[in-house]
Amino acid sequence: MSVYPYLVAGWLMAVGIIGIVRGRNLVQTVICLSVAQSATYVLLLSVGYQRHATPPVFGEPASKPNFHVVDPVVQALTLTDIVVSATVTALLLSLAIQIHKRHGTLDPNELNTLEG
Amino acid sequence: MSPRVRLLVLAVGGIALAVLVVPALVGLPHFGGSVHPYRTHAVVASVAHHSANVISSINFDQRGLDTLGEESIFLASVLGVVVLLRPAEEETETASLGGGPVLESTKLAGYAMVPITLMLGFNIVTHGHLTPGGGFQGGVVLGTGIHLLYVAGTYRALQRARPIQVFDWGEAIGAGAFACLGIASLAMTGAFLAAVIPTAPLGHLFSAGTVPLLNGAVGVEVASGTAVLLAKFLEQAIRVRPAAKETEP
């Protein structure tokens with residue numbers, strides 16, 4: 001099954017989105033967003049994978065530079081992706097703390113009022 | 001919107017998304033195949049600058065400008081957290097920091113791991129162009145490693161070992177150093193973040209041109225930023241309390 005890793009990425013994205021919509025707690029929502037974002041890591045890394053290839057890190061004399069490595073471009077993109085995901089998570093969690101202070105609840109269903 | 005309607009909207013959107021995404025995923029190049037055109041170009045460019053870790057070369061040499069943006073996102077996020085988590089008017093920061101009892105074995109393990117973790121973090125940052133790792137990864141190890149002091153001991157010990165002001169500066173200095181290196185190379189070669197430093201052969205510590213310097217700048221920034229982030233969240237849990245309510249008339 002050569003599409004299996006891609007379908008795993010699609011599944012992770014779906015579970016994350018369902019979790020966000022059905023969440024009863026904002027912290028759960030933030031974690032589900034991280035799950036949905038991790039789908040992109042799986043997708044990127046599986047696009048760049050090559051069977052029996054080595055990591056794109058060279059060093060004399062064990063592994064001389066060669067082209068038989070997995071795609072480093074998508075790995076670099078995944079690193080960027082993880083950094084962005086971590087920053088978004090930190091910011092959203094601090095927002096959740098503020099919401100809990102203001103409203104005394106983290107249930108999105110109970111947050112109906114706008115407050116200045 | 002009732003939960004039922006919300007699920008209905010989700011189902012409609014999900015089906016529409018699946019109709020588009022599943023054919024796209026099935027139509028991707030076969031998993032594990034050998035056709036990676038970008039790989040070929042990236043490896044050639046990386047070896048030309050004697051960078052052993054191609055991923056670091058991509059992040060700090062070939063896509064340096066993107067990494068500057070990535071770093072700015074991190075800086076902005078830390079700034080946002082600091083602003084959001086500052087004590088509000090109706091809150092006070094308590095001075096009483098009584099902690100629960102800590103197991104002796106936890107203390108021992110914690111104190112033993114602090115130097116090892118910090119050393120590992122430095123190693124990951126400084127060898128980011130040679131082995132897997134780099135400024136972002138090593139920075140996170142460093143920033144969290146300091147907080148082992150809290151796990152092992154007391155919040156007070158952590159406060160003594162981690163003057164938060166220094167990390168505020170470190171955050172700004174790291175981010176500024178990255179931009180300054182870019183401007184310096186712009187002045188020297190006419191290209192922003194170009195590799196300006198002559199390099200040693202591939203695999204040596206001082207190889208890969210500007211990559212180790214940029215890695216170091218990012219390492220300082222991320223280590224400081226992570227420390228500030230964790231400090232702010234810890235402060236919320238431990239020190240910030242709602243002020244005693246005034247009795248209503």
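**Note on the predicted A–B complex**

1. Helix 1 of chain A passes helix 1 of chain B in a right-handed crossing, a crossing being right-handed if the near helix is turned clockwise from the far one by less than a right angle, and left-handed if anticlockwise. Helices here are DSSP runs (H or I, at least four residues) and strands likewise (E, at least two), numbered from the N terminus.

2. This is a predicted model, in which local features need pLDDT of at least 70 and side-chain atom pairs count only at pLDDT 80 or more, while totals for chains, interfaces and linings use all residues. Residues are numbered from 1 along each chain as its sequence is written, and chains are lettered from A and ligands numbered from 1 in the order in which they are written.

3. The axes of helix 1 (residues 4–22) of chain A and helix 1 of chain B come within 11 Å and cross at roughly 165°, where axes are lines fitted to C-alpha atoms, for helices over the stretch in contact, and angles run from 0 to 180 degrees between N-to-C directions. Helix 1 of chain A is therefore roughly antiparallel to helix 1 of chain B, a label used for angles over 145 degrees.

4. In this pairing, Tyr6(A), Leu7(A), Gly10(A), Ala14(A), Ile18(A) and Val21(A) meet Arg6(B), Leu10(B), Gly14(B), Val21(B), Val22(B) and Leu25(B), contact requiring C-beta atoms, placed from the backbone, within 7 Å.

5. Over the whole interface, 44 residues of chain B are in contact with 39 residues of chain A. On the chain B side, the elements giving two or more residues are helix 1 (3–26), helix 2 (37–48), helix 3 (54–62), helix 4 (64–84) and helix 10 (211–238), and helix 4 gives the most, with eight residues. That side of chain B divides into 25 nonpolar, 14 polar and five charged residues.

6. Chain A has three helices and zero strands, and its radius of gyration, taken over C-alpha atoms, is 20 Å, well over the 13 Å that the globule rule gives for 116 residues, so chain A is more spread out than a compact globule. The rule is 2.2 Å times the number of residues to the power 0.38.

7. As for confidence, the predictor gives the complex an ipTM of 0.84 and a pTM of 0.83, and chain B averages a pLDDT of 82, with 90% of the residues scoring at least 70.

Terms used
Contact = placed C-beta atoms within 7 Å. Nonpolar A, V, L, I, M, F, W, Y, C, P; charged D, E, K, R; others polar. Parallel < 35°, antiparallel > 145°, perpendicular 65-115°, else oblique. pLDDT = per-residue confidence, 0-100.
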